[in-house]
Amino acid sequence: MKLKKILVMGLAIFGLIGCGGKEDTNRKVEGSSKNERSLVVASGNFNGDFYNGWTNSIYDANVKRLVWGEGLMSKTPTGKLVKSQWVDSLVTTKSDPSKKSEDIWTFKIKDGMKFSNGNPLTVKDVKFTYDFYMNEKALNDTGATDDLNEFMDKIEVDEATNTIKFHLKEVIYMVDSTFEYFVLDSNTIIKNSEKEGITPQQWVKANMSSPIGYGPYKIDKFVPSQYVKLSINENYQGNYEGDKPSIKEIILQNTPTETKLTQLITGEIDIATGISKEEDVDAVLGQDTLQTNRYYRHGTGQLTFHTDFGPVQLKEVRKAIAYSFDRIKYKNIIVGKNGLMANAPYSRSMWMMYDDDEKIGTESRLSRTYTDYDILDANGKWDEQANIKEAHKYLDQAANKKDGEYAKLTKVSGEYLWEGKPLEINMALTAGVVDAYNLIFTKEVQKEFGIKINMDSMDWSVLAKSLYSSAPLSERRYHIFATSTNFATKTDYNFYRKSYIIPYGSGVTSNVTRFPINKEILNRMRIANPSSKEGDQQYKKAFRDYMKVMNEEIPLLPTFSSLYFDTYAGDITDFDTTPMWSFPYAIVKAKFKSN
């Protein structure tokens, strides 16, 4: 599963909670004998896509993690995957002694496991879930995608022993992440889809915002563009260590960026994650009533090019845009000193970026070999003239070529033209970053570099349709998208295959750059043996080859990776977040000190 998590700045929503902090009666947990309050977490806006497979934002993903918790495998704070609490046993075997890795994974589910609605969770539900995502046609018809069929051979269940056996076509390096799929309530989905005469996938799509899970919380109420209210799921079996939540009610509130810090300081909200802007960090660090966890984010901001559309089909144009974008200034506007520059989509939490004698978290030697798309002067400042010269070098190279799409780019009297008109690029972005991009791509900068940038601000849900290529072809106009990505613990980059680039307007594609990576690189990453040091090294080498392509071809241009400060109320304890352990995981252990 690949989840693209995009940075979203929400609209101002008021009225969910008052300004009284702990004493606000609107936050008192209903039915509680104590004066317990709801835990309010600042969030961006939601798509309402609370099932895997569709266009989930990071804020939708937070809801899903609270509702489901984990699949057959569960993540730990260090990113390791272990069997979940509700799995009684996991046995891996080989179908043939000659195989390098175990290709049969057998899970036994604990008896008595239940969904939050009381329905039993058995191997029948697990089998239904995997069949659900392996039905590519039914998924595609509803705008969802998945790739289980590529490596899942057959699935056998023994309902008498509550055991399910997965036979893999090939043991891919990230095979354990295959078993992170959230299990669906087959009883509810089958009953209702048959009643309505539609496919299970169509029923899920129609009921995307009311999922039934088995995780630490269940949804009580969802008000689009405002909030999601959740309460404890009494049927929850606990996380991988057996921890169960004690905070009875959580409200994920769509909180305007402009007021988030004020609401946090005054006690209207309890948790604000990912604070990184310098003045915001200074403000929260100066509050004795607040606590913070800090770490470099396992992800980056980025510019995503649709590399099969218009002028950005040409690598030289993409590079010219990269050099015209003052990322140093952009980082300083958005976060100030609390950020790291990157030239490919990696983070400092990725062991593959480091040699054996290097410390993870530092700047790796490998990262220093990549092309840096910011030319700096002797004082360490962005050198505008040097960057202009480099951008023009690439545009001139493209204008001098005459084959294929290159024939559309010309240079006449010093002006770059695309199909005889001034070179223009359309960019889609969300409201929270509009001002920053306007300060970077000023009219003067556009004139100097010879590229006009048209910027349109929109809600994430609108942007996502164009980004993931599900908008009608007749409405296609954007070449670049200002987005953000959180990296997975293990990633199967197979979604960058050419076959994943479906015609624009015909459905959702997870290859958001629409750029095909060499199959040989992807295969070496995918089929590396997960059970050997040789396999680790094979994955590491292929990963580095992949990053080299991303750096040279810039289908993604990372802007920066933030130093994150997860900030929370002083009466919350045992809330420990890390780059690999975001708040939906950490909240299970957290509690109010008064409890």
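Residues are numbered from 1 along each chain as its sequence is written, and side-chain values use heavy atoms, with hydrogens and water left out. As the model is predicted, local features need pLDDT of at least 70 and side-chain atom pairs count only at pLDDT 80 or more, while totals for chains, interfaces and linings use all residues.

**Strands**

Let's start with how strands are named: helices (H or I, at least four residues) and strands (E, at least two) are DSSP runs, numbered from the N terminus. Two strands pair if DSSP finds at least two bridges between them.

Strand S1 covers residues 39–43, and five of its five residues are buried, so the rest of the structure largely encloses this strand. Here buried means under 20% relative accessible area, with exposed over 50% and partly exposed in between (1.4 Å probe, protein chains only). In a regular strand the side chains alternate between the two faces of the sheet. In S1, Leu39, Val41 and Ser43 are buried on one side, and Val40 and Ala42 are buried on the other. S1 pairs in the parallel sense with strand S10 (residues 249–254) over five bridges. Within this pairing, Val40 stands opposite Ile251 in S10.

Elsewhere, five strands make an open sheet with mixed pairing, in the order S19-S18-S20-S13-S21. From one strand to the next, the twist averages 30 degrees, with axes taken as lines fitted to C-alpha atoms (for helices over the stretch in contact) and angles running from 0 to 180 degrees between N-to-C directions. Inside the sheet, S18 (residues 424–429) and S20 (residues 480–486) run parallel and are joined by two bridges. Met427 stands opposite Ile480 in S20.

**Aromatic rings**

Rings of Phe, Tyr and Trp (its six-membered ring) pair if their centres lie within 6.5 Å; planes under 30 degrees apart count as stacked, over 60 as edge-to-face and the rest as tilted. The whole structure holds 38 aromatic pairs, and two of them are shown here.

| Pair | Centre to centre | Angle of planes | Type |
|---|---|---|---|
| Trp86 and Tyr214 | 5.3 Å | 65 degrees | edge-to-face |
| Tyr323 and Tyr394 | 6.2 Å | 10 degrees | stacked |

Trp86 sits in the loop between strands S3 (81–83) and S4 (87–93), and Tyr214 in the loop between helix H5 (200–206) and strand S8 (217–223), so their pair ties together parts 128 residues apart in sequence. Both Trp86 and Tyr214 are buried. Tyr323 belongs to helix H8 (residues 315–324) and Tyr394 to helix H10 (residues 384–399), 71 residues apart. Tyr323 and Tyr394 are also both buried. Ring pairs also build a cluster whose members include Trp105, Phe107 and Phe128.

On a 1 Å grid over the protein atoms alone, a cavity is a set of points where a 1.4 Å probe fits but cannot get out, and a pocket is an open set with protein on both sides within 12 Å along at least five of seven lines; lining residues have an atom within 4 Å of a point.

How many cavities of 30 Å³ or more are there? The count comes to five. The second largest cavity holds about 90 Å³ of space, where a volume is the space filled by probe spheres set on grid points joined across faces, edges and corners. Its lining has 13 residues, and Gly69, Glu70, Tyr236, Asn239 and Tyr585 are the closest to its centre.
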